[in-house]
Amino acid sequence: MSKYNHELLQPCKNNWQSVLAQAVREPQELLQLLKLTEHPLAQQVCIDKQFPLLVPRTFVQRMRSGNADDPLLRQVLSVADEQLSVQGYTQDPLDEQASNVSPGLIHKYHGRVLLIAASGCAVNCRYCFRRHFPYADNRVGRQQWHSALNYVAQDSSISEVILSGGDPLLLGDEQLSELLEQIAAIAHVKRLRIHSRLPVVIPQRLTAELMQLLSQSRLRTSLVLHINHAQELAPEHLGLLAQYRAAGITLLNQTVLLKGVNDDEQTLCQLSETLFDYGVLPYYLHQLDRVQGAQHFALSAERTQELYRHMQQYLPGYLVPKLVCEQAGQPHKTLIPIGII
Ligand code: SF4
């Protein structure tokens, strides 16, 4: 019987920056930590220099030793299937380049813009639709913030700024505070949304300072976590997220439907239930974006429909996330009509 990897990885008491600095970057080390070096999985590992393995030890700690099918491991281990070239899977499946109105700024939807606030991540998720995004051309430092926010200031229809990435919480609190102040100075912006996976993989990122920063802003702030499986939540998330919620920060979650990770009825229902226990509302269930290298995570339309029907049948409505996909050129996310997919 597999078990958590506690004996190998003691809980880390360091700050989030040092946890990140000590992240696992070599597939071989990850397999060793999980006692999988002799498993056939080791033969499937591939090295991708453009989008290498990156996973903090705090996340590895939640994987199950000896289990090659661990749903967290599957999300981070680069395997040979990624090298296949499959028709319909492209480098920029959402055609974001077309909406890249200023370096680091994407204006796709009415009323909101997406600011690429940081160009790296704390974890490299193999299914990521931005795995080929040209971050090098979209570095957003103070200068680029200035022109991006000028754009926002000149369009009074924009009421929400979404910080994305990469992972925006890779910015230190000081930098983030500066950015928030500049956004808050634009009178027509009312809301701030932060999409981040960093607090999921490194709970230490949920510092008291960050909470203070977000709760003191005049902007109504939502933190959208990206959790795909209930096993990603650690016991320490419970208290930390409760404090953020108590400070007035709306906590939402979006999930990507992934073959081999969360494509069964029980897993999806348990995820919604667990999120609610942690004070987080399930918000979107995303169909996989057709990004090159992630095709092995795709589910058929029939299976997607079956899974979603099950959630509708067994969960109260507020725990059933909206099933959506993103279609290039569309002015909003597309709700997937269950009867006809
Ligand atoms: S953290 Fe988000 S942006 Fe970064 S690799 Fe994972 S899914 Fe992509």
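## A buried threonine in a predicted model

At 1% relative accessibility, Thr 304 counts as buried, where buried means under 20% relative accessible area, exposed over 50% and partly exposed in between, with a 1.4 Å probe and protein chains only. Thr 304 belongs to helix α12, residues 301-314; helices (H or I, at least four residues) and strands (E, at least two) are DSSP runs, numbered from the N terminus. From Thr 304 to Leu 258 the separation is 46 residues in sequence and 10.0 Å in space, C-alpha to C-alpha.

The model is predicted, so that local features need pLDDT of at least 70 and side-chain atom pairs count only at pLDDT 80 or more, whereas totals for chains, interfaces and linings use all residues. Residues are numbered from 1 along each chain as its sequence is written, and side-chain values use heavy atoms, with hydrogens and water left out.

Strands β4 and β5 run antiparallel and are joined by three bridges, with Leu 114 of β5 as the bridge partner of Ile 106. The hairpin of β4 and β5 has two residues between the strands, and in this hairpin Gly 111 takes a positive phi near 85 degrees. Four of the five residues of β5 are buried, so β5 is largely enclosed by the rest of the structure.

On the way to β6 the direction is parallel, with five bridges joining β5 to β6, and Val 113 stands opposite Val 161 in β6. Strands β6 and β7 also run parallel, joined by four bridges, and the bridge partner of Leu 163 is Ile 194 in β7. Strand β7 is mostly covered, with five of its six residues buried.

Strand β10 (residues 281-286) runs parallel to strand β11 (residues 322-325), and three bridges join them; His 286 has Val 324 of β11 as its bridge partner.

## The largest pocket

The largest pocket has a volume of about 840 Å³. On a 1 Å grid over the protein atoms alone, a cavity is a set of points where a 1.4 Å probe fits but cannot get out, a pocket is an open set with protein on both sides within 12 Å along at least five of seven lines, and lining residues have an atom within 4 Å of a point. Grid points are joined across faces, edges and corners, and a volume is the space filled by probe spheres set on the points.

The lining of the largest pocket consists of 41 residues, of which Phe 129, Arg 130, His 195, His 226 and Gln 254 lie nearest its centre. Two or more lining residues come from each of β4 (105-109), β5 (112-116), β6 (160-164), β7 (191-196), α8 (198-201), β9 and β10. By class, the lining of this pocket has 20 nonpolar, 11 polar and 10 charged residues; Ala, Val, Leu, Ile, Met, Phe, Trp, Tyr, Cys and Pro count as nonpolar, Asp, Glu, Lys and Arg as charged, and the others, Gly among them, as polar.

## One cavity

The structure holds one cavity of 30 Å³ or more, and the largest cavity has a volume of about 40 Å³. The residues that line the largest cavity are Thr 255, Leu 268, Leu 271, Ser 272, Leu 275, Pro 282, Leu 285, Met 311 and Pro 321. Helix α11 gives the largest share of this lining, four residues, and α11 and β10 each supply at least two. Seven residues of the cavity lining are nonpolar and two are polar, with no charged residues.

## Two loop residues

Gln 327 lies in the loop between β11 and β12 and is partly exposed, with a relative accessible area of 40%. Gln 327 and Thr 37 are 290 residues apart in sequence and 40 Å apart in space, C-alpha to C-alpha. Lys 35, in the loop between α2 (27-33) and α3 (41-44), has a positive phi of about 55 degrees although it is not a glycine.

Technical notes
Pairing = 2+ DSSP bridges.
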